[in-house]
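Good morning, everyone. Today I would like to walk you slowly through one structure, taking a pair of helices, then the sheet, and then the nonpolar core.

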Amino acid sequence: MYDNILVPTDGSECANAAVDHALTLADRFDATLHALYVVDVRATHHSAPELGMERVRESLEAQGREATGDVAAQARERGVNTVEAVEEGTPEDVIEEYVDTHDVDVVVMGTHGRTGLDRFLLGSVTERVVRTADVPVLTVSGAKSE
Ligand code: ATP
Ligand code: MN
C-alpha cells in the first residue's frame, strides 16, 4: 500500500514525534522513508537580516543535514530504507513538489514545528500541505500530555 513515505522535518521536537510514527509505518509496510528538510532562506533572512543570506543559508543547510541524517540513522537501526533530502525554497511548495516527483504515497508530519504556537491548531506549513496535497497527510502531535 505504501512504498514511499515522506516525513518533512524541521528538526523540532514535534517533527521528531512524526519521525517516530513514520518509522513505524515504513517498517510495517517495508517502505522507503524519505526525510526532507527545506531550507527556508527568505523567512530566516527576514527575521535576522544582519546575518546575510549566505550565512543563513549555510547554517540552515547544516541544520537540515543534521535533522535528515538523524532520521536516516534511526532508520538504519530499524532496517528501514531511507533517502535524505535537503532542498531550498518555501517549505509547503517544496514538500508538494517532492510528493509529485518521488511517487510519495503518504506524508507524515508534525502538527507543529519550531514555532509551536499552541493557539493555532496546526502550524502554517502543515495546514497548507493538508489543504492542498494530492496524497493523504498524517499529522502527529508532539504534545507532552500524550
Ligand atoms: P509556523 O511555522 O507556522 O510559525 P510551526 O513551526 O509550529 O508554526 P510548522 O512550521 O507548520 O509549524 O511545522 C509543522 C511541521 O511541518 C513540522 O513538524 C515538520 O514536519 C514540517 N515542517 C515545518 N517546517 C519545515 C521545513 N522547513 N522543512 C521540512 N519540514 C518542515
Ligand atoms: Mn515552522
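Let me begin with helix α1, residues 13-29, and helix α3, residues 53-77, whose axes in this predicted model come within 11 Å and cross at roughly 35 degrees. The crossing of these two helices is right-handed, and the residues that make the contact are V19, D20 and L23 on the α1 side, together with V71, Q74 and A75 on the α3 side. Sorted by class, the α1 and α3 contact consists of 4 nonpolar residues, 1 polar and 1 charged.

Turning to the sheet, please look for an open arrangement of 5 strands in the order β3-β2-β1-β4-β5, with parallel pairing. Why do β3 and β5 each have one side left without a neighbour in the sheet? Both β3 (82-88) and β5 (137-140) stand at the edges and have a single partner strand each, so one side of each remains without a neighbour. On average, and ignoring direction, neighbouring strands in this sheet are turned by 20 degrees against each other. Helix α3 lies across β1, β2 and β3, and runs at about 165 degrees to β2.

Finally, the largest nonpolar core has 18 residues, of which I5, V7, A22, L33, V71 and V108 touch the most other members. At least two residues of this core come from each of β1, α1, β2, α3 and β4, and α1 gives the most, with 6 residues.

Definitions and conventions: Residues numbered from 1 in each chain as written. Chains lettered and ligands numbered in written order. Predicted model: local features only at pLDDT ≥ 70, side-chain atom pairs only at ≥ 80, totals over all residues. Heavy atoms only, no water. Axes fitted to C-alpha atoms, helices over the stretch in contact; angles between N-to-C directions. Helix = DSSP H or I, 4+ residues; strand = E, 2+ residues; numbered from the N terminus. Left-handed = near helix turned anticlockwise from the far one by under 90°. Contact = heavy atoms within 4.5 Å. Nonpolar A, V, L, I, M, F, W, Y, C, P; charged D, E, K, R; others polar. Core = buried A, V, L, I, M, F, W, Y, C linked by side-chain atoms within 4.5 Å. Buried < 20%, exposed > 50% of the residue type's maximum accessible area, 1.4 Å probe, protein only. Pairing = 2+ DSSP bridges.
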